[in-house]
Amino acid sequence: MFQWIKSLVFMTQAYIMMLVIGLAYAPYAIFSRHGARAACKCYCVWIFWTARWMIGLRTEFRGTPPSGEVIIAAKHQSFLDIMMIFYASPAAKFIMKREILWTPVIGLYAKRLGCVPVVRGKRGAAISKMVRDVEAGHTEAGQLIIYSQGTRVAPGAKLPYKVGTGVLYKQLNQPCAPVATNCGVFWPRTGVIRRPGLAVVEFLPHIEQGLDRDAFMAQLEDVVETNSNRLMRDAGFDVS
């Protein structure tokens, strides 16, 4: 019960500080993508710091975060892994649901960061447009983050990998950096409770260009799932 109360206080201040930091940086962010990125990283630091002393949740980054033009294909379990991957990446932008653009504060910053909105059921069209924008030079170089399962997945749950990551890998002709995590063990998809422990995001060795799409997707799923399961087992979660 005490952890639930601490979690409620933590989440309350997290939403308040999202508004405070978002408004404080807004004049800078509106005119500068660097300002938008600085605001988001400031918020990430705040969350990591308050999570440590308020709820006993520590964060750890493993592996080498990618730089330059690369696709980051990540396991997605909670909002925490979004913040951790973004914070560790020098110029990250997300492929994300279009509805997020309509949310207060987050929508503004998503637009300024150059995130790619996706309409449910029209993911292919969004990916095709993004490829065209990259080829035409309309999209700033950086790390494009995609969640290959398309949504948050609870620890231990099985969900197929969507082919969109493979399409990007082939059409953008960029290497792919897989990312594993155990964040969902401590920061669930739903509910208030946030558990103490060590949340890890691990950047894994790149999958270089040259594979066909099916071989790439098979390798990506194997490496991300295997390493995410390892991290969850290390956190005490029973991966059956």
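In this predicted model, helices α1 and α2 pack with their axes 9 Å apart, at an angle of about 160 degrees. Angles over 145 degrees count as roughly antiparallel, and α1 and α2 are therefore roughly antiparallel to each other. The crossing in which α1 passes α2 is right-handed. In the contact of α1 with α2, 20 residues are nonpolar, four are polar and two are charged.

Helix α2 also packs against α3. Here the axes lie 10 Å apart and the angle is about 125 degrees. The crossing of α2 past α3 is left-handed. On the side of α2, the contact is made by Arg37, Cys40, Lys41, Tyr43, Cys44, Val45, Ile47 and Phe48. On the side of α3, the residues are Phe79, Leu80, Met83, Met84, Phe86 and Tyr87. By class, the contact of α2 with α3 holds 12 nonpolar residues, two charged residues and no polar ones.

The description now turns to the largest pocket. The volume of this pocket is about 1,400 Å³. There are 47 residues in its lining, and those closest to the centre of the pocket are His76, Phe79, Ile82, Ile100 and Ile106. Phe79, one of these, is also among the residues of α3 that touch α2. Several elements each give two or more residues to the lining: the helices α1 (2-31), α2 (33-54), α3 (79-88) and α4 (106-113), together with the strands β3 (92-97) and β5 (143-147). Of the lining, the largest share comes from α1, which gives seven residues. By class, the lining of the largest pocket consists of 31 nonpolar, nine polar and seven charged residues.

The axes of α6, residues 164-172, and α7, residues 213-234, come within 9 Å of each other and cross at roughly 125 degrees. With this angle, α6 and α7 are therefore oblique to each other. Their crossing is right-handed. Helix α6 contributes Thr165, Gly166, Val167, Tyr169 and Lys170 to the contact, and α7 contributes Arg213, Phe216, Met217 and Leu220. Among the residues of this contact, five are nonpolar, two are polar and two are charged.

The model has two cavities of 30 Å³ or more. The second largest cavity holds about 40 Å³ of space. Which residues line the second largest cavity? The lining is formed by Lys75, Gln77, Ala154, Pro155, Gly156, Ala157, Lys158, Glu225, Asn229 and Met232. By class, the lining of the second largest cavity has four nonpolar, three polar and three charged residues. Glu225, Asn229 and Met232 of this lining fall within residues 213-234, the span of α7.

Notes. Residues are numbered from 1 along each chain as its sequence is written. This is a predicted model: local features need pLDDT of at least 70, side-chain atom pairs count only at pLDDT 80 or more; totals for chains, interfaces and linings use all residues. Side-chain values use heavy atoms; hydrogens and water are left out. On a 1 Å grid over the protein atoms alone, a cavity is a set of points where a 1.4 Å probe fits but cannot get out, and a pocket is an open set with protein on both sides within 12 Å along at least five of seven lines; lining residues have an atom within 4 Å of a point. Grid points are joined across faces, edges and corners, and a volume is the space filled by probe spheres set on the points. Ala, Val, Leu, Ile, Met, Phe, Trp, Tyr, Cys and Pro count as nonpolar, Asp, Glu, Lys and Arg as charged, and the others, Gly among them, as polar. Axes are lines fitted to C-alpha atoms, for helices over the stretch in contact, and angles run from 0 to 180 degrees between N-to-C directions. Helices (H or I, at least four residues) and strands (E, at least two) are DSSP runs, numbered from the N terminus. Angles under 35 degrees count as roughly parallel, over 145 as roughly antiparallel, 65 to 115 as roughly perpendicular and the rest as oblique. A crossing is left-handed if the near helix is turned anticlockwise from the far one by less than a right angle, and right-handed if clockwise. Contact means heavy atoms within 4.5 Å.
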